[in-house]
Amino acid sequence: MSEQSLRQEDRQQQQAGTPAHVDAGDAGYSKSLKARHVNMIAIGGAIGTGLFLGAGGRLKDAGPSLAVAYAVCGIFAFLVVRALGELVLHRPSSGAFVSYAREFLGEKGAFVAGWMYFLNWATTGVADITAVATYTHYWGMFTEIPQWVIALIALAVVLTVNLISVKIFGELEFWFAIVKVGALVVFMAIGIFLLVTREQVAGTDTGPSLITDHGGIFPHGALPMLLVIQGVVFAYASVELVGVAAGETENPEKIMPKAINSIMWRVALFYVGSVVLLSMLLPSDSYSGDQSPFVTVLSKIGVPAAGGVMNLVVLTAAMSSLNSGLYSTGRILRSMAMSGSAPKFTGAMSRTHVPYGGILLTSFFCVLGVGLNYVVPSKAFEIVLNFAAIGILSTWAMIMLCHLLFWRRAQEGRVTRPGYRLPGSPYTEIVTLGFLASVLVLMWADGGPSRLTIMALPAILAALVIGWYAARSRMKDSR
C-alpha cells in the first residue's frame with residue numbers, strides 16, 4: 001500500500017471516529033474484568049506495602065511532614081494515571097503505555113518503555129516475595145522454614161492463579177484490596193475514637209499538640225521530607241495497573257474515568273489521613289522502620305494480636321503486588337512480542353486467553369530473586385528496591401511523554417481528544433516530567449544504595465542499546 005493510500009485510510013478512520021493505530025498485541029483477550037474488579041484494582045494499585053510497612057521509618061525520619069510528601073507524590077501519581085486514562089479512552093489496549101509509545105514514539109520508544117517496565121516489576125516481584133517470606137517468619141511456626149522456600153511457595157501460588165484466567169486474577173485482586181481497605185478503615189476508626197475521647201496512648205495525650213509540641217510539621221527541617229520522596233514514589237508504584245486492565249474490561253469508556261477519579265480521594269484519605277492520624281496519636285520518634293506504624297499504635301493501646309493481624313494485612317499487600325506484577329508484565333511483553341521487540345515465546349496465549357509466555361518470563365526472574373533470598377536473605381529487599389524505583393520513574397515519564405505527543409497531534413487535528421482529559425496540558429506533562437527528574441536528583445543526594453542505583457543507569461542504558469540492536473532484525477514497526 002502506498003504512502004498516499006495510508007494517509008487516505010487514516011483520514012477515513014479519523015472521520016469515522018476510530019483510532020488509526022491498531023496494535024496486534026490487543027487481539028485474543030477476553031473482556032472478563034467487571035466494574036468492581038477495576039475499581040478494586042485501582043484501589044489496590046494506590047495502597048501497598050509502602051503505607052502499611054514503609055511509613056514507620058519515614059515518619060520517624062521526616063515527622064508529620066511525611067503527609068506533605070504523600071500529598072505531593074499522590075498528586076503527581078494521579079496526574080500520571082489521569083493522562084493514561086485519557087490515552088485509554090483514545091484507544092483501550094492491554095499493551096497500555098507500551099502500545100501508546102509505539103503509536104507516538106515508534107518501536108524504539110515501545111522497546112524502552114516495555115523493558116524498563118519489565119525491570120520495574122521483575123525487581124518489585126523479587127521484593128514482594130522477599131517481603132512475603134519475611135512477614136511469614138513473624139509467626140513462630142514458620143521460623144524454621146528457610147526464607148527462600150517460603151518465597152518460592154508464594155511465587156508458585158500467585159503464578160498458578162495468573163495462569164488460570166484473567167477472571168481469577170480479578171477476583172483475587174478484588175479480595176486483596178478488600179482486606180487492605182478494611183484494615184485501614186478499622187484502624188482509622190480506632191484512631192479517631194481515641195482522638196475524640198481524648199484517650200492517652202502509652203501515657204501520652206493525643207491530639208494536634210503532639211505535632212505542635214514536637215517541632216511542628218517539619219521537626220527535622222525540610223530536607224528529610226525531600227529525601228523520603230523517592231520511597232514515597234515507590235508506595236504509589238502500581239497506580240498505572242488500571243490502564244493495563246482496560247484492555248480486558250467491559251465498557252472501559254464508562255468504567256475507567258470513575259475508577260481513575262476515585263484514586264485522588266483515596267490517596268488523600270488513606271495516605272495523607274493516616275499519616276496525620278498517626279502523628280496525633282504518638283510522637284513521630286516513637287515509630288520505627290522495623291515495625292508497621294499501625295502495629296506500633298495498636299500494640300501500645302493493648303489491642304490483642306495487633307501485630308499478627310497487621311502482619312497478615314501487610315503479607316496480603318505484598319501478595320497483591322506480586323499478583324499485579326505478573327498480570328501486567330504478561331500483557332506488556334505480549335504487546336512487545338507481537339512487534340518483535342520481545343522474545344517470540346512471550347507472545348504465546350493460552351486457550352483461556354492468558355498470555356502465559358510473558359508471565360513465565362517474569363516468574364523466571366522472580367526465581368532468581370528466590371536465589372537472592374538464599375544467598376543474601378538480609379539484603380535481598382534493599383538490593384532490588386532501588387532498581388524498581390528507576391523502573392517506576394521511567395514508566396511514569398513515558399506515559400507523560402506519550403500524552404504530550406498525543407496532545408500535540410490533537411492540536412494539529414490528527415487525532416481527537418476524548419471528553420475525559422488530563423487538565424492543564426501541555427504544562428501538566430512538563431511539570432510532572434520535571435518532578436520525576438528531581439526524584440533522580442534526590443536519589444543521588446540520599447547516597448548509599450540510591451546513589452549506586454543512579455550510577456548503574458549507564459549500564460542499564462547500554463543493555464537497552466545492545467538489546468535493541470539484537471532484536472531489531474525481527475521487529476515490525478507498526479506505526
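## A partly exposed ring

Let's start with Phe 364, which is partly exposed at a relative accessible area of 47%. This comes from a predicted model. Phe 365 also counts as partly exposed, with 35% relative accessibility. Both residues belong to one aromatic cluster, together with Phe 111, Trp 115, Phe 118 and Trp 468.

## The nonpolar core

The largest nonpolar core holds 150 residues, and Phe 52 and Tyr 236 have the most contacts inside it. Helix 5, spanning residues 66–90, is the top contributor to this core with 16 residues.

What does Phe 52 touch, apart from neighbours within four places in sequence? Its contacts include Ile 47, Lys 180, Ala 183, Leu 184, Phe 294, Met 310 and Ala 317.

## Aromatic pairs

Across the whole structure, a search turns up 15 aromatic pairs. One of them joins Phe 187 and Phe 294 edge-to-face, with 4.6 Å centre to centre and 80 degrees between the planes. Phe 187 is in helix 9 (residues 166–196) and Phe 294 in helix 15 (residues 293–300), so this pair ties together parts 107 residues apart in sequence. Phe 187 has a relative accessible area of 2%, so it counts as buried. Phe 294 is buried too, at 1%.

Phe 364 and Phe 365 form another edge-to-face pair, at 5.6 Å centre to centre and 85 degrees between the planes.

## Charges over rings

Finally, have a look at two arginines. The charged end of Arg 36 sits over the ring of Phe 174, 4.8 Å from the ring's centre. Arg 82 places its charged end over the ring of Tyr 420, 4.1 Å from the centre.

Terms used. Residues numbered from 1 in each chain as written. Predicted model: local features only at pLDDT ≥ 70, side-chain atom pairs only at ≥ 80, totals over all residues. Heavy atoms only, no water. Core = buried A, V, L, I, M, F, W, Y, C linked by side-chain atoms within 4.5 Å. Buried < 20%, exposed > 50% of the residue type's maximum accessible area, 1.4 Å probe, protein only. Helix = DSSP H or I, 4+ residues; strand = E, 2+ residues; numbered from the N terminus. Contact = heavy atoms within 4.5 Å. Phe/Tyr/Trp six-rings, centres within 6.5 Å; stacked < 30°, edge-to-face > 60°. Lys NZ or Arg CZ within 6 Å of the ring centre and 35° of its normal.
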